[in-house]
Amino acid sequence: MEIHKPKPVHSWGELAREVGVIVIGIVIALLGEQAIEALHWGHKAEAVRASLDRELSVDLAFAAEQQAQKVCTKRYFDALQAAIVHNDARTANALHDIGAPFDPQPWQADAWDVALSEQIADHLDRKDLANYAIAFRRVSTERELQFQMLDHFAEAMAVRYGLAGNPAVEQAQLAALDKLRTEEGVVLAISASLTRNQGPSLGLKPDAALAASQAKKAADCEAALQALGSGQK
């Protein structure tokens, strides 16, 4: 077999052409590698975005429920405050039977954690990335606050045990209820931002099936409080 041997370079022009061929080959190889890498990250980014959208759609359903429940929640807190002030265990127990006007929810942000840990978020559209970052930070706050709210709800609801009137106990229960009202204001501000800003900016709506299953909660809450008020007359 005849082995090809490079021809000797006889001029600077020939050397420049030889070098040019080598450089062009290297550039083509690098561009091809970058194209493959970009395609790889593009596929990963699309898969993660689909997961982000699914989780955020569920979170938007929880946020929409908070907005739907806000009027009933205020009425509920007002009734609980009156029960505390009058040390009315019967009304407090009736309110307890109705249940808290807010539910702990499995707020979801796992896909966002994955996007950050695997640096996939850097390959998303910058505007979308900002909206996702804000949305999932709000989701994280919602998840943290709901457990504080349950603690303060339990403390305020201690009036249902019918203990002898004690100004210090009453003040502690009212203080817990005030914290609950403040926290409710925060979660309502968050849910309003999610449903009015981040969701629409990302082209997302609340999960339809989940929203349908929760549609009756606000009406049921109103009906229960209405019945409680009628029973006290």
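A disulfide is a pair of cysteine sulfur atoms within 2.5 Å. The structure holds one, formed by C72 and C221. The torsion about the S-S bond of C72 and C221 is about -80°, so the disulfide is left-handed. This is a predicted model, in which local features need pLDDT of at least 70 and side-chain atom pairs count only at pLDDT 80 or more, while totals for chains, interfaces and linings use all residues. Residues are numbered from 1 along each chain as its sequence is written, and side-chain values use heavy atoms, with hydrogens and water left out.

**Fold**

- The protein chain has seven helices and zero strands. Helices (H or I, at least four residues) and strands (E, at least two) are DSSP runs, numbered from the N terminus.
- Along the sequence the pattern reads α-α-α-α-α-α-α.
- Of the 233 residues in the protein chain, 34% are buried. Buried means under 20% relative accessible area, exposed over 50%, and partly exposed in between (1.4 Å probe, protein chains only).
- Contact means heavy atoms within 4.5 Å. Among contacts between residues at least 6 apart in sequence, 89% join residues at least 24 apart.

**Disulfide**

- The sulfur atoms of C72 and C221 are 1.7 Å apart.
- C72 lies in helix 1 and C221 in helix 7 (residues 217-232), so the pair ties together parts that are 149 residues apart in sequence.
- Both C72 and C221 are buried.

**Nonpolar cores**

- A nonpolar core is a set of buried Ala, Val, Leu, Ile, Met, Phe, Trp, Tyr and Cys residues joined through side-chain atoms within 4.5 Å.
- The largest nonpolar core has 24 residues. L52, L56, W112, Y132, F136 and L194 have the most contacts inside it.
- Two or more residues of this core come from each of helix 1 (12-85), helix 3 (110-117), helix 4 (126-156) and helix 5 (167-201). Helix 1 gives the most, with seven residues.
- Not counting residues up to four places away in sequence, L56 touches Y132, A135, F136, V139, L202 and L204.
- A second, separate core of 23 residues includes L80, A83, I84 and M149.

**Cavity**

- A search of the whole structure finds one cavity of 30 Å³ or more. On a 1 Å grid over the protein atoms alone, a cavity is a set of points where a 1.4 Å probe fits but cannot get out; lining residues have an atom within 4 Å of a point.
- The largest cavity has a volume of about 180 Å³. A volume is the space filled by probe spheres set on the points, with grid points joined across faces, edges and corners.
- The largest cavity is lined by 16 residues. Q66, F102, D103, E184 and V187 lie nearest its centre.
- Helix 1, helix 4 and helix 5 each give two or more residues to this lining. The largest share, five residues, comes from helix 1.
- By class, the lining has seven nonpolar, five polar and four charged residues. Ala, Val, Leu, Ile, Met, Phe, Trp, Tyr, Cys and Pro count as nonpolar, Asp, Glu, Lys and Arg as charged, and the others, Gly among them, as polar.

- D53 sits in helix 1. D53 is buried, with a relative accessible area of 18%.
- Leaving aside neighbours within four places in sequence, D53 is in contact with Y132 and L204.
- S140 sits in helix 4. At 17% relative accessibility, S140 counts as buried.
- S140 and A109 are 31 residues apart in sequence and 7.4 Å apart in space, C-alpha to C-alpha.

Terms used. 1 Å grid on protein atoms, 1.4 Å probe; cavity = no way out; pocket = protein on both sides within 12 Å on 5 of 7 lines; lining within 4 Å.
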